[in-house]
Amino acid sequence: MKNVAVLLSGRGSNFLALSDAVNAGKIPARIALVVSNRPEAPGLQHAVERGYKAICIPSRGIEREAYDRLVVKELQAENIDFICLAGFMRLLSGWFISQYPHRILNIHPALLPAFPGMHAQEQALEWGAKVTGCTVHFVDEQLDHGPIIVQYPVPVLDEDTEETLSARILVHEHEIYPEALRIVCEGRYTIEGRRLIVKPEPLPAELGLG
Ligand code: GRF
């Protein structure tokens, strides 16, 4: 059983999807801590309503690494194994990332390395891409850059707006984030350079074949 922290800044729909999957017994993990850098984040409210340990560490006006040290102190107090960034609108310092190598996950609403950074769905539309999607990856020192755990493609339709495209991608974000967290919590992967190799799932014990 792994201890997971979710860091968020806003709506929190990916946090809810992770929470649902954990509650359904699909991931060998416990969400031990939810951290928001914004007191008004709806995701923080959802976390309180679901009974999680949920704290706000306001980030406004605090220097990046000084802020990260406050967050890491809370993570260490809960013995956190994996950190899920779920719409956390702050860049992490190199120091933070070095504390948790290959232990911080992020979800990005595009097929990386296409359209990193902000407004990925709008970037895909403006580029005229026919396919975009979503990516869960480990966080490294570069933005939207570390080894990819799971991706899912989504077609761009001629009539799409940023809103309709974002909504269709979001459905799949809610599927692949729990899937990726399950893979890492089960330790069912190896990393070779940039490539994350997912090992096959064990056969169900009830078949008597495992
Ligand atoms: C998602 O689109 C995610 O891919 C991006 O930020 C958004 C967060 O949405 N990183 P939510 O707060 O999880 O609903």
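Biologist: Which residues in α1 and α6 meet?

Modeller: Please bear in mind that this is a predicted model. On the α1 side the residues are Ser13, Asn14, Ala17, Leu18 and Ala21. They meet Leu170, Glu173, His174, Tyr177, Pro178 and Leu181 in α6.

Biologist: At what angle do the axes of α1 and α6 cross?

Modeller: The axes of α1, residues 13-23, and α6, residues 162-185, cross at roughly 50° and come within 9 Å. The two helices are therefore oblique to each other. The crossing of α1 past α6 is right-handed.

Biologist: How many residues of α1 are buried?

Modeller: Nine of the 11 are buried, so α1 is largely enclosed by the rest of the structure. The buried residues are Ser13, Asn14, Phe15, Leu16, Ala17, Leu18, Ser19, Ala21 and Val22.

Biologist: And what covers the buried residues of α1?

Modeller: The cover includes the strands β1, β2, β4 and β5, together with the helices α2 and α6. Just after α1, Gly25 takes a positive phi of about 75°.

Biologist: Turning to the sheet, in what order do the strands lie?

Modeller: The order is β3-β2-β1-β4-β5-β6-β7, an open sheet of seven strands with mixed pairing. At the edges stand β3 (54-56) and β7 (148-155); each has a single partner strand, so one side of each is left without a neighbour in the sheet. From one strand to the next, the twist averages 20°.

Biologist: Which strands does helix α2 touch?

Modeller: Helix α2, residues 42-49, packs on the sheet and touches β1, β2 and β3. The direction of α2 makes about 150° with that of β3.

Biologist: How many bridges join β5 to β6, and are the strands parallel or antiparallel?

Modeller: Four bridges join them, and the strands run antiparallel. Within β5, which spans residues 104-108, Asn106 stands opposite His137 in β6.

Biologist: Staying with β6, is Thr132 buried or exposed?

Modeller: Thr132, which lies in β6, has a relative accessibility of 1% and therefore counts as buried. Setting aside residues up to four places away in sequence, Thr132 touches Pro109, Ala110, Leu111, Phe115, Ala124, Tyr152, Pro153, Val154, Val156, Leu165 and Ile169. Tyr152, Pro153 and Val154, among those contacts, fall within the span of the edge strand β7 (148-155).

Biologist: What about Gly128: where is it found?

Modeller: Gly128 is in the loop between α5 (120-127) and β6. The C-alpha atoms of Gly128 and Phe15 are separated by 30 Å, and the two residues are 113 apart along the chain.

Biologist: One last topic: in what sense do β8 and β9 pair?

Modeller: Strand β8, residues 189-192, pairs with strand β9, residues 195-198, in the antiparallel sense over four bridges. Ile191 stands opposite Leu196 in β9.

Biologist: How many residues lie between the strands of that hairpin?

Modeller: The hairpin of β8 and β9 has two residues between the strands, and Gly193 takes a positive phi near 65° there.

Definitions and conventions. Residues numbered from 1 in each chain as written. Predicted model: local features only at pLDDT ≥ 70, side-chain atom pairs only at ≥ 80, totals over all residues. Heavy atoms only, no water. Axes fitted to C-alpha atoms, helices over the stretch in contact; angles between N-to-C directions. Parallel < 35°, antiparallel > 145°, perpendicular 65-115°, else oblique. Left-handed = near helix turned anticlockwise from the far one by under 90°. Contact = heavy atoms within 4.5 Å. Buried < 20%, exposed > 50% of the residue type's maximum accessible area, 1.4 Å probe, protein only. Pairing = 2+ DSSP bridges.
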